Amino acid sequence: MSKTYVAVDIGASSGRLMLGQLHDGKLQLQEMHRFKNGFVKEAGHDRWQIDHLIEEILIGLEKIKRAGFSKITLGIDTWAVDYVLVGSNGQKLQNPISYRDNRTANSIAKLTSELPKDYIYQKTGIQFLDFNTLYQLFEEDKNLLAKTEKILMIPDYIGYVLTGQAVTEVTNASTTQMLSLREGLFDHDLLKKVNVRPEQFPKLVDAGTVLGPILNKWNQQYDLPEVEVITVATHDTASAVVGTPEIGQHWAYLSSGTWSLLGSELNVPENGKKAYCQNYTNEWGAYGTYRFLKNIMGLWIIQNVQKELPQQYSFAQLAALAEKEEPFQQYIDVNDSRFTNPTTGMVQELQDYCRRTQQKVPQTPGELAMAVYSNLSLYYANELNILGDILGYPIDTLNIVGGGSNVRLMNQMTASLAQVDVYAGPSEATAVGNLIVQMITKQDVSNLQQGRQLITNSFAIKKFVPQNRNFTQQLLNYQKFLQEMKA
């Protein structure tokens, strides 16, 4: 009988429990439970409701047992950089603050006035983002830090609450910008700068570490199956890269969700001058790899546009409306910090940006959607050129996974702009990668290479080839626009 695996995959707006089993050499998925997520204003900050997430996981596990699955393994992945402070009694000291909170708005400038940026980059190889854990801890309440026994990243905290076992999984730990790229340990200089002791972080472990069974107290409160928890690649992007098919010789990946993460999988980190100047990051991946990538604002922009429109549209409907509009009617730097969490609303921010830059202002839902999709495609194509320049060879294939792999319009524009073949799918790459690590741990799959072959055999992968060569000039114009905006 096939083993039963469950991926807990939680993003910024929702979470779900995905059940996976092997049947006839293919991985079959079934969504068992879905729930909402989001931060709320509490005690002066935007905070995650972490207890709600844990309760929803337990409710989902009850559903799985009622569906007839009495024994499962479980892996948890979430977003990165955020953390929970745990006191000496084993309880959280406060709800975790979201990376989209504005407390770190000027933190990079303040911290790097004492420790130079190139010094930090040489130590960590991690890109400078104002919400990195390093800057969050720099702004953290010092009294709370003094009371803190454990600092746990979000998925590690959830695993700790469920099993009682505290670890720090490396794919997520690397995003803190405090992990030494060469030594594989937390850097003492950086920890000292943010008033944190090394022992406050539990031991570092690799993806595939078994945590063990769920605590008995949860079985007393909920009707749960027998559960063994495995620490997977707990950063959702790390799981998504595991879940990428790896098609092409010089291939890159684009994990396209709320965030877009574009990069290559490397066996050796790249933290030279070019990578530093382009703000590329060397996050740790599963099985000794490195995720050499760039953070791009991603579908967060269209998600907020959708919420703010007076009429409710599905994402498929917005994409269909966008296809009726002319692309590239305005150029937008989608990575501008003004789009991170705009107080005036995303639609207003997009329109104000176009007014300030004296470009056509998108008004209708179709125009807004095309403005977002066409500029994301431009940004992706530009970054593929930069990525190839840093690595010293041209990228010939882009593997797009995640929700964005379903946006045919954006996939085709990206292929034509970048002049590369694009392979789109699976859309559930994060959950799939989560499951693959569990399967490797339980020896149902031999290794990462076999896992990726399983993905190719199990899911429909759509191919997009370059079509409109006139788009090349659009990319050149966009690159000039970005340079002028930075001047």
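A cavity, on a 1 Å grid over the protein atoms alone, is a set of points where a 1.4 Å probe fits but cannot get out. Lining residues have an atom within 4 Å of a point. A volume is the space filled by probe spheres set on the points, with grid points joined across faces, edges and corners.

Now the ground rules. This is a predicted model, where local features need pLDDT of at least 70, side-chain atom pairs count only at pLDDT 80 or more, and totals for chains, interfaces and linings use all residues. Residues are numbered from 1 along each chain as its sequence is written, and side-chain values use heavy atoms, with hydrogens and water left out.

Cavities, then. The structure holds 2 of 30 Å³ or more. The largest cavity has a volume of about 70 Å³. Its lining includes Ile 76, Pro 155, Asp 156, Leu 211 and Thr 234. Helices (H or I, at least four residues) and strands (E, at least two) are DSSP runs, numbered from the N terminus. By class, the largest cavity's lining has 7 nonpolar, 3 polar and 1 charged. Here Ala, Val, Leu, Ile, Met, Phe, Trp, Tyr, Cys and Pro count as nonpolar, Asp, Glu, Lys and Arg as charged, and the others, Gly among them, as polar.

The second largest cavity comes to about 40 Å³. Among its lining residues are Ala 238, Glu 265, Arg 291 and Leu 448. Helix α10 (residues 236-242) gives the most, with 3 residues.

On to a pocket: an open set with protein on both sides within 12 Å along at least five of seven lines. The second largest pocket has a volume of about 1200 Å³. It is lined by 43 residues. Leu 129, Asn 335, Asp 336, Ser 337 and Thr 340 lie nearest its centre. Which element supplies the largest share of this lining? That is α15, with 4 residues. The lining has 18 nonpolar, 14 polar and 11 charged residues.

Last, cysteines. How many disulfides does a search of the whole structure find? The count is 0, where a disulfide is a pair of cysteine sulfur atoms within 2.5 Å. Cys 277 is exposed, at 54% relative accessible area. Cys 354 is buried, at 0%. The cut-offs are under 20% for buried and over 50% for exposed, with partly exposed in between (1.4 Å probe, protein chains only).
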